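Visitor: I have a chain open here and would like to talk it through. Can we start with the surface?

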Amino acid sequence: MQYQNTRARQRSSSSDSLERVARLASGSAVVIFSSSSCCMCHAMKRLFCELGVSPMVYELDQDPNGKGMEKALSKLIGNSPAIPVVFIGGELIGSMDRVMASHINGTLVPLLKEAGALWL
């Protein structure tokens, strides 16, 4: 009986974290889920700033629910590590490799323009 209650709470907590990620991700044109001590996260933030974008950044290591949101992000992207993760226009773009691939192949800037994050 105790085991079932614990599993139900974990599912509820996971669901709450996923809902929170979705809500935060749709709140700005560009959203980055990050960790303040992660060098890859720093590089991601710099990339967007150098493109002229002011992303909304959520530092998961400074959020009381950060671990739960990190687990939810890991489920969304299907690999590890779960951060940094980028959403543009409320849509999941992915982690560092996906964002850099989009930047290199020229599809990132049009996405940013379409989301209203760039006006050039």
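Guide: This is a predicted model. Leu18, Leu76 and Leu92 form a nonpolar surface patch of about 230 Å².

Visitor: Where is Leu18 found?

Guide: Leu18 belongs to helix H1, which covers residues 2-25.

Visitor: Switching to the fold. Which pattern does the chain follow along the sequence?

Guide: The order is α-β-α-β-α-β-β-α-α, from five helices and four strands. Among contacts with a separation of 6 or more, 61% are between residues 24 or more positions apart.

Visitor: Now the inside. Which residues have the most contacts inside the largest nonpolar core?

Guide: Val30, Phe48, Val86, Ile88, Val99 and Leu112, in a core of 15 residues. At least two residues each come from strand S1 (30-34), helix H2 (39-50), strand S3 (85-88), helix H4 (96-104) and helix H5 (108-115). H2 gives the largest share, three residues.

Visitor: Take Ile88. What is it in contact with, leaving aside neighbours within four places in sequence?

Guide: Ile88 contacts Ala29, Val30, Phe48, Ile93, Leu108, Leu111, Leu112 and Ala115.

Technical notes: Residues numbered from 1 in each chain as written. Predicted model: local features only at pLDDT ≥ 70, side-chain atom pairs only at ≥ 80, totals over all residues. Heavy atoms only, no water. Patch = residues over 30% accessible without salt bridge, like charges linked within 9 Å, V, L, I, M, F, W, Y side chains within 5 Å. Areas by Shrake-Rupley, 256 points an atom, 1.4 Å probe, with all protein chains shown as cover. Salt bridge = Lys/Arg side-chain N within 4 Å of Asp/Glu carboxyl O. Contact = heavy atoms within 4.5 Å. Core = buried A, V, L, I, M, F, W, Y, C linked by side-chain atoms within 4.5 Å. Buried < 20%, exposed > 50% of the residue type's maximum accessible area, 1.4 Å probe, protein only.
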